[in-house]
Amino acid sequence: MPFMKDSSFSQAVWRITKEIPLGKITTYAQIAQALGRPKSARAVGNALHKNPYAPIVPCHRVVKSDGNVGGFFGGKSAKKKILRSEGLKIVKDKIANFQSLIHTFKAKNNF
DNA sequence: CATATGACACTAT
DNA sequence: AATAGTGCCATAT
C-alpha cells in the first residue's frame, strides 16, 4: 500500500538495509548506529520484521552482533539458505569469516 | 497513558 | 563456550 505512511525510523532502516552489497552482511547494531541510535538494535529488528518490502530489502543480510544468523520471517533455515546462495558460508547458524564480511555504514542522521 | 513484546546487545556467571 | 540476567528502543494493545 503506497499510501500507508510508516514511521520515519522504519523507513530509514529499510533504506539502509537496501544498501548492503551482495555477498556482504551487517548487524542490527550497525544499522542502529548508522541511524544515530546505537542502542536501538532491538527496534531495528522490529522494523525489519514489519518490513513491507520483503524481497526488495535484503533483510536476510542482517545478522546478530556475534555472527549468529538471528531470526527471520521463514525461520533461520530459510535465512541460512538465502545467505549461502549469496556466497556466504554458514557453520552452526554462524557466518564464517563474519567479522570481515560486515558492511559498515556512514552515520546518516537523515530520517 | 501504562504494560507487554520482540528478526538485539552487553556483561556476568 | 554456552546460558542467563539486564538494558534499550520502537510498536502493539
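User: Which residues surround DNA strand C?

Analyst: In this predicted model, DNA strand C is surrounded by Ser-7, Phe-9, Ser-10, Arg-37, Lys-39, Ser-40, Arg-42, Ala-43, Asn-46 and Lys-50. Sugar and phosphate make up 62% of the atoms of DNA strand C that come within 4 Å of the protein.

User: What makes the pair formed by Lys-50 and a phosphate oxygen of DNA strand C a polar contact?

Analyst: A polar contact requires a pair of N or O atoms within 3.5 Å. A polar side-chain atom of Lys-50 lies 2.3 Å from a phosphate oxygen of DNA strand C, so the pair meets the cut-off. Ser-10 has an N or O atom in its side chain 3.3 Å from a phosphate oxygen of DNA strand C.

User: Which element gives the largest share of the surface near DNA strand C?

Analyst: Helix α3 does, with three residues. By class, the residues of this surface are two nonpolar, four polar and four charged.

User: How many residues surround DNA strand B, and which are the closest?

Analyst: There are 13, and the closest are Arg-42, Asn-46, Leu-48, His-49 and Ser-65. Sugar and phosphate account for 48% of the atoms of DNA strand B that come within 4 Å of the protein. The largest share of the surface near DNA strand B, six residues, is from α3.

User: How do you know that Leu-48 has a polar contact with a base nitrogen of DNA strand B?

Analyst: A polar backbone atom of Leu-48 is 2.8 Å from a base nitrogen of DNA strand B, and the limit is 3.5 Å, so the pair counts. Asn-46 has a polar side-chain atom 2.4 Å from a base nitrogen of DNA strand B.

User: Why are α1 and α3 called roughly perpendicular?

Analyst: The two helices pack at an angle of about 80°, with their axes 9 Å apart. Angles of 65 to 115 degrees count as roughly perpendicular, and α1 and α3 are therefore described that way. Phe-9, Ser-10, Val-13, Trp-14 and Thr-17 of α1 meet Ala-43, Val-44, Ala-47 and Leu-48 of α3. This contact has seven nonpolar, two polar and no charged residues.

User: Why is Thr-26 called buried?

Analyst: Buried means under 20% relative accessible area. Thr-26 has 0%, so the term applies. Thr-26 is found in strand β1. Apart from residues up to four places away in sequence, Thr-26 touches Ile-20, Ile-31, Arg-61, Val-62, Val-63, Ile-102, His-103 and Phe-105.

Definitions and conventions: Residues are numbered from 1 along each chain as its sequence is written. Chains are lettered from A and ligands numbered from 1 in the order in which they are written. This is a predicted model: local features need pLDDT of at least 70, side-chain atom pairs count only at pLDDT 80 or more; totals for chains, interfaces and linings use all residues. Side-chain values use heavy atoms; hydrogens and water are left out. Helices (H or I, at least four residues) and strands (E, at least two) are DSSP runs, numbered from the N terminus. Buried means under 20% relative accessible area, exposed over 50%, partly exposed in between (1.4 Å probe, protein chains only). Contact means heavy atoms within 4.5 Å. A residue is near a molecule or strand if one of its heavy atoms lies within 4 Å of it. A polar contact is a pair of N or O atoms within 3.5 Å; within protein, one must be able to donate a hydrogen and the other to accept it, and residues adjacent in sequence count only if both atoms are side-chain atoms. Axes are lines fitted to C-alpha atoms, for helices over the stretch in contact, and angles run from 0 to 180 degrees between N-to-C directions. Angles under 35 degrees count as roughly parallel, over 145 as roughly antiparallel, 65 to 115 as roughly perpendicular and the rest as oblique. Ala, Val, Leu, Ile, Met, Phe, Trp, Tyr, Cys and Pro count as nonpolar, Asp, Glu, Lys and Arg as charged, and the others, Gly among them, as polar.
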